[in-house]
Amino acid sequence: MTLNKTIQDALNEHMNQEFYASYLYLSMSAYCEEINLPGFAHWMRTQSQEEYSHAMKMFGFIVDQKGRVILHPIDQPSIEFHSPLDLMQQTLEHERHVTRLINRLYELAVRENDYPTQVPLQWFITEQVEEEKVASNIVEQLKMIGERGDALLLLDRELAKRGSEMANGSMGLISEPSL
Ligand code: FEO
């Protein structure tokens with residue numbers, strides 16, 4: 001079975017969105033460096049690498065299906081971040097947006113009776129549950145922290161511990177960081 005054009009276009013478009021996410025989190029990482037939160041910066045840089053790996057999963061799948069990879073230009077990411085809380089709220093919103101895109105892609109694969117494409121998309125659906133959960137946890141922790149700089153520095157240290165989970169795709173925040 002080879003990819004039909006509708007699915008191929010949609011997968012190429014989604015690959016571009018994952019590259020954009022990689023760019024966006026790199027932009028966020030730079031902001032964290034500017035405000036002297038190296039743990040947040042590290043976490044965002046790792047997240048950027050993970051998004052790159054998501055794009056490459058799409059790349060590999062298109063190639064394996066004998067489709068045509070078409071690399072579109074990557075949009076310029078925002079530099080409008082105003083606080084760690086604003087940053088993580090934007091992260092959560094972005095992940096919710098990606099979830100909607102994945103769901104639409106899955107609906108398309110079902111409509112087109114493209115069974116092989118549904119399989120990797122199920123991995124992405126599971127991944128998005130994790131991505132939203134972790135981003136939401138950090139948002140809630142930042143709300144609890146409020147203006148307490150000492151607590152923010154403790155969270156920064158926790159985020160600095162994030163390893164590279166590119167192999168399993170997890171966002172990798174310990175679920176209950178000690179604050
Ligand atoms: Fe590739 Fe954060 O979703």
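**Terms put to the test**

Guide: Start with R96. R96 has a relative accessible area of 34%, and is partly exposed. Keep in mind that this is a predicted model.

Visitor: Why is R96 called partly exposed?
Guide: Buried means under 20%, and exposed means over 50%. R96 is at 34%, so R96 falls in between.

Visitor: What makes R96 and E93 a salt bridge?
Guide: The cut-off is 4 Å from a side-chain nitrogen of Lys or Arg to a carboxyl oxygen of Asp or Glu. The side chains of E93 and R96 meet at 3.0 Å, N to O, so the pair qualifies.

Visitor: Where do the two sit?
Guide: Both are in helix α3, 3 residues apart, so about one helical turn separates them. E93 counts as partly exposed, because its relative accessibility is 42%.

Visitor: How do you know that E140 forms a salt bridge with K143?
Guide: Apply the 4 Å limit again. The closest N and O atoms of E140 and K143 are 3.5 Å apart, so they pass. Both lie in helix α4, 3 residues apart, about one turn of the helix. E140 has 38% relative accessibility and counts as partly exposed. K143, at 46%, also counts as partly exposed.

Visitor: How many salt bridges does the structure hold?
Guide: The structure holds 7. One of them joins E50 and R162, at 3.0 Å, N to O.

Visitor: Why do you say that the E50 and R162 pair ties parts together?
Guide: E50 lies in helix α2, and R162 lies in the segment after α5. They are 112 residues apart in sequence, so the pair ties those parts together.

Visitor: Are E50 and R162 buried or exposed?
Guide: The limit for buried is under 20%. E50 has 1% relative accessibility, so E50 is buried. R162 has a relative accessible area of 4%, so R162 is buried as well.

Visitor: What is the angle between α2 and α3?
Guide: Helix α2 covers residues 38-64 and helix α3 covers residues 84-111. They pack at an angle of about 10 degrees, with their axes 13 Å apart. Angles under 35 degrees count as roughly parallel, so α2 is roughly parallel to α3.

Visitor: Which residues make the contact?
Guide: On α2 they include F40, W43 and M44. On α3 they include P84, L87 and M88. By class, the contact has 8 nonpolar, 2 polar and 2 charged residues.

Conventions: Residues are numbered from 1 along each chain as its sequence is written. This is a predicted model: local features need pLDDT of at least 70, side-chain atom pairs count only at pLDDT 80 or more; totals for chains, interfaces and linings use all residues. Side-chain values use heavy atoms; hydrogens and water are left out. Axes are lines fitted to C-alpha atoms, for helices over the stretch in contact, and angles run from 0 to 180 degrees between N-to-C directions. Helices (H or I, at least four residues) and strands (E, at least two) are DSSP runs, numbered from the N terminus. Angles under 35 degrees count as roughly parallel, over 145 as roughly antiparallel, 65 to 115 as roughly perpendicular and the rest as oblique. Contact means heavy atoms within 4.5 Å. Ala, Val, Leu, Ile, Met, Phe, Trp, Tyr, Cys and Pro count as nonpolar, Asp, Glu, Lys and Arg as charged, and the others, Gly among them, as polar. Buried means under 20% relative accessible area, exposed over 50%, partly exposed in between (1.4 Å probe, protein chains only).
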